[in-house]
Amino acid sequence: MITSVLLPIGLGAAATVAAMAMPPRLAMPFATMVAAAAFVLLLWAVPQVAGGAAITASFWGVPSLGITGGLSLDGLSLLFALLITGIGALVFLYAGSYLHDDPRRSRFAAIVLMFMTAMLGAVMADDVVTLFIFWELTSLASFFLVGFDHEKATARRAALQALLVTGGGGLALLAGLVLVAAAAGTTAISGIIAAREAVLAAPAAEAAMILVIIGCFAKSAQVPLHFWLPNAMAAPTPVSAYLHSATMVKLGVYLLARLNPVYLEHDLWQGVLTWFGLATALTGAFLALRETDLKRVLAYTTVTGLGTLVMLIGIPPALSATAAIVFLLVHAFYKAALFLVAGIVDHETGMRDASALGGLARVMPITALGAVLAALSMAGLPPFVGFVAKELVYEAKLESGDAAGLLVAGGFLVNAAMVAIAGVLSFRLFFARPRPTPKAPHDPGWAMMTGPLVLGILGLLAGGIPSLFGSWLVNPAAAALLGESVRVDLALWHGFSPLLVLSIATVAMGVGLYLAWERLGLVLRSLRQLDRFGPARAYDRVLGALVPAAARVTGMVQHGSLRDYLRTLFLVASLGALITLAFRGGISLPSVEAGWPDPRIFVPILLIAGAVAAVLARTLIAAIMASGLVGFATAVLFLVNGAPDLAFTQFAVETLFVVILAATLVRLPLRGRLPRSPRDRWIDASIAGCAGGAMTLLLLAVLATPFDPRLSVWFGAESVPAAHGRNVVNVILVDFRALDTLGEITVLALAAIAVLAVLRSIRGETRA
Amino acid sequence: MEIAVALATGIVTGCSVYLVLSRHLIRVAIGFVLFSTAANIAIFLSGRLGPMAPPVVEAGAGALAADAANPLPQALVLTAIVIGFGLVAFTLVLLLKGFIRLGTVDADDLRETDRPDNAPAAVRPAEPRREAA
């Protein structure tokens, strides 16, 4: 059964590469088949997983870093994986027609396949590192797909916004996961859940939890990070249906659910999830009523759905886990279907303004059927599974204790808004008074119709026989949320109860909102002034300030002034040496030896004289001569201290240097001094003083430590027996450090070649 | 003696840094030469001064005499001198090329070529601009 885990991922990865090289005509059918095959493979695993046994596998790992790289397919993973591959197959089928002559179909198929593979990896990962890598891959895929129409500025902007928000959240998530894994002592998610006491007792437990929540909130568009999702509707509609409603945006919900067994009794976890979830649901409902663009309406209802899911995870367990899973399933069905319908309407009529469309059922009867099926589920009417979900959600809220009243009231408003919007998307769009459209619409081909119809009928079936879905899919998934097995029997009919009353009241309120939809929209749109205080504006402000700030920092660091670079370099190096010496107690003042000074004392005096003369020289020739004096004094220093080889090399180099410099100077202007300003002179002199002082103090510190002769003695002793050479310096160079010397010869040869090349180019340039 | 050399090395270093920070590029090059000389002396000095006898094993003897100079820093400095020479030679032809191409030996003038508005259009970074929503 390991094939159910590894094969879908392997298949997806291979298909991604294959689709790229495929002619556009074949890419979509191929991708459809790959997704369908993966779906069937996963379906195979349902009986085993429903029996309570997770299927595990491993395909990579870095044991030295404690990364297990395991994969695990349990109820929750399987539910997600089935949604990813099943809806994926329908979306590919749909996209083949939607993008019918688009030459970019191969690229589209490849990116969406990559996304599908990454999603599968993310939901199957039993290792936070694996999970994180796949998580980020989905953000990348989303970036490419939102910006698919990259010639449009709005698409590019939306793509960048989606990437920055989810990617920024990803950074927070990474930090949180690292903290959690460190506290648990393992990167395996099963291990983290097993070590929940250690995770909760760690010093940074709360910080880790909040960081993980931020990452999940960014991905799942929770308030205040929800603003990127409606803008992501710049993507082609199949992408919106797939990534931005059914799958990717639920990844944050998935991870919250996955880690719920660790934190479920934590007050902060419950509070943050419940209230931010409710706030998100309300914000989404409010903004959805304001919009008229079909896709944006759907995007905001998706925000509502995601908020509801997060809230359900946060509500103390009992029924809420089951409610969350049922709602997840329901939402994926109807939202993907409605997005696909919106795509069809856009495709056929050439417009997607809900307020200007109507009566399409006459010309598009089958599309209307799909829309109505999905909308009834969205409105939560029996016998659709949406009704089961809504009842469960209400029940979970009623059981949640102190805050039940507030949660139910909020949920009531949200659900009523959903009923109204479901009405707009089905009855108004398809049955109200017909209006003129730019194109003459008709039902599209079967490929585009399959998706909405299959998803709509699934919603009906799941509502009709909820017990089947309950035992095979919902209960195993809810078990993963709680960390213990769950047995809730789902039913369509609960009898006459307060729940039913609540449901009826919701629908009544929803119908009222539907009837007032146009006027309500006008009122809400007049409140757009409030957007000034919204997070979208804050994002613009931050981004608007970031680019100039980056330019300023770059200008400061990469200023382009050679002298300032060198000043920085010398100042940092010498201050670093001085500060280290001071703090490590390395400054040692020498004791001056008494007695007659060594006659060799004239050498350092010559060195000083030459260097000072070079600085004070008024002409370049004088400076060159002074520097020659330093060179020759150095040679003498070598000569009188037992280093004749060095002395001769120094003499030779010094002579050559003067020759080359003279040859260069023939071409350069010798006259014309370039004096520095008095201020520059002070700065440079101070830096030079620091550098000189650091050098002297460093050398004195070296001299104050006892000399360790081991290496020198070893070379002296081994020179004759090991290398048969009596000149120890030569033996070191050509025997003991022969490879180093070879490297140095290479450097010198390269320098010679480079000099030659530059000289040749100069010759060419001056001739031309 | 060693202390005097340490002091001299510091002064040569300071003078070389002062020269390296000049505006005239030939002075900068001279500063580099002096700086590498100072570095060589520092290595040599770290191996201690004193003995006049070169580190050569006497004919017939198996090992280096105790009063010979320290061979290790000599080996290091020998290559350093040559590499330093290579560096200076390359710096000088670059200066020459720079002068022929740009017509200046002033370090402060070189900065102009680094400004974006002086770069060829192909490498100029795009202007940051905000697009309407």
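This is a predicted model: local features need pLDDT of at least 70, side-chain atom pairs count only at pLDDT 80 or more; totals for chains, interfaces and linings use all residues.
Local features need pLDDT of at least 70, and side-chain atom pairs count only at pLDDT 80 or more, while totals for chains, interfaces and linings use all residues. Residues are numbered from 1 along each chain as its sequence is written, and chains are lettered from A and ligands numbered from 1 in the order in which they are written.

Reader: Is F339(A) buried or exposed?
Author: A residue is buried if 20 or more other C-beta atoms, placed from the backbone, lie within 10 Å of its own, exposed if 12 or fewer, and partly exposed in between. F339(A) has 31 C-beta neighbours inside 10 Å, so F339(A) is buried.

Reader: Which residues is F339(A) in contact with, leaving aside neighbours within four places in sequence?
Author: Contact means C-beta atoms, placed from the backbone, within 7 Å. On that cut-off, F339(A) touches T237(A), S240(A), A241(A), S245(A) and L298(A).

Reader: How many helices does chain B have?
Author: Helices (H or I, at least four residues) and strands (E, at least two) are DSSP runs, numbered from the N terminus. Chain B has zero strands. Its elements run α-α-α-α. The number of helices is four.

Reader: What does helix 1 of chain B reach from its first C-alpha to its last?
Author: Helix 1 spans residues 2-20, 19 residues in total.

Reader: How many residues of helix 1 of chain B are buried?
Author: This helix is mostly covered. Of its 19 residues, the buried ones number 16.

How values were computed. Two residues are in contact if their C-beta atoms, placed from the backbone, lie within 7 Å. The expected span of a helix is 1.5 Å times one less than its number of residues.
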